[in-house]
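Trainee: I should like to learn how to read the features of a model such as this one. Please take me through them in turn.

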Amino acid sequence: DFIEHKNAAHGFDVASMVAKTRAGDCTEHAVLLTALLRLSGYPARAVTGFYVSLEEPVLGYGHAWTEYYDGQGWSGLDGTRISAVVGARHVPLGVVDDESIAYTLGLFRTLQGLAVTRVIVK
């Protein structure tokens, strides 16, 4: 609810800018949630990949979410509320190594080797 202006116009803002503008898409949700979890003492990371919608027609699109370490393993949270908990519809491609101003370089490295020719959903 904190991010009031849901749009892709901001590119890839850092958490401080997201908190100030209260705007963004899934990447801004993920970066802000990652920062808040870290502030609360949890190891956390932003993850990029795909979200697969199983409604007809089946669609997959680029998405970002957050993972935090709870002492036993990594658990995912989706700040956009597509699904509060990350599940099988979230297909991870990589972890954002650095959420600073230059973190888009990490996103490009993640996607650089990706070549999807076909996805079959049964």
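Trainee: In which helix is Ala 15 found?

Mentor: Helices (H or I, at least four residues) and strands (E, at least two) are DSSP runs, numbered from the N terminus. Ala 15 belongs to helix H1, residues 15-21. Please note that this is a predicted model, in which local features need pLDDT of at least 70 and side-chain atom pairs count only at pLDDT 80 or more, while totals for chains, interfaces and linings use all residues. Residues are numbered from 1 along each chain as its sequence is written, and side-chain values use heavy atoms, with hydrogens and water left out.

Trainee: Is Ala 15 buried or exposed?

Mentor: Buried means under 20% relative accessible area, exposed over 50%, and partly exposed in between (1.4 Å probe, protein chains only). Ala 15 has a relative accessibility of 17% and therefore counts as buried.

Trainee: Which residues is Ala 15 in contact with, leaving aside neighbours within four places in sequence?

Mentor: A contact means heavy atoms within 4.5 Å. On that basis, Ala 15 meets Val 31, Leu 32 and Ala 35. Between Ala 15 and Val 31, which are 16 residues apart along the chain, the C-alpha separation is 5.6 Å.

Trainee: How does one read the chain as a whole?

Mentor: One may begin with the order of elements. The chain has three helices and six strands, arranged from the N terminus as β-α-β-α-β-β-β-β-α. Of its 122 residues, 34% count as buried. Among contacts with a separation of 6 or more, 42% come from residues 24 or more positions apart.

Trainee: Which residues make up the largest nonpolar core?

Mentor: A nonpolar core is a set of buried Ala, Val, Leu, Ile, Met, Phe, Trp, Tyr and Cys residues joined through side-chain atoms within 4.5 Å. The largest has five residues in all: Cys 26, Ala 30, Ala 46, Ala 64 and Val 96. Not counting residues up to four places away in sequence, Ala 30 touches Ala 46, Ala 64, Trp 65 and Thr 66. Thr 48 is in strand E3 and, at 10% relative accessibility, is buried.

Trainee: How many salt bridges does a search of the whole structure find?

Mentor: A salt bridge is a side-chain nitrogen of Lys or Arg within 4 Å of a carboxyl oxygen of Asp or Glu. The search finds one. Arg 45 is joined to Glu 67, with the closest N and O atoms 2.7 Å apart. This pair links distant parts of the chain, 22 residues apart: Arg 45 in strand E3 (residues 44-53) and Glu 67 in strand E4 (residues 59-69). Arg 45 is partly exposed at 23% relative accessibility, whereas Glu 67 is buried at 16%.

Trainee: In what sense do E4 and E5 pair?

Mentor: Two strands pair if DSSP finds at least two bridges between them. E4 and E5 are antiparallel, over four bridges, and Glu 67 stands opposite Gly 76 in E5. The two strands form a hairpin with four residues between them, and Gly 71 in the turn has a positive phi of about 100°.

Trainee: Where in the chain is confidence lowest, and where highest?

Mentor: pLDDT is the predictor's confidence in each residue, from 0 to 100. The chain averages 77, and 67% of the residues score at least 70. Confidence is lowest in helix H3 (residues 104-112), with a mean of 56, and highest in strand E5 (residues 74-77), at 92. Where pLDDT is low, the predicted coordinates should not be read in detail.
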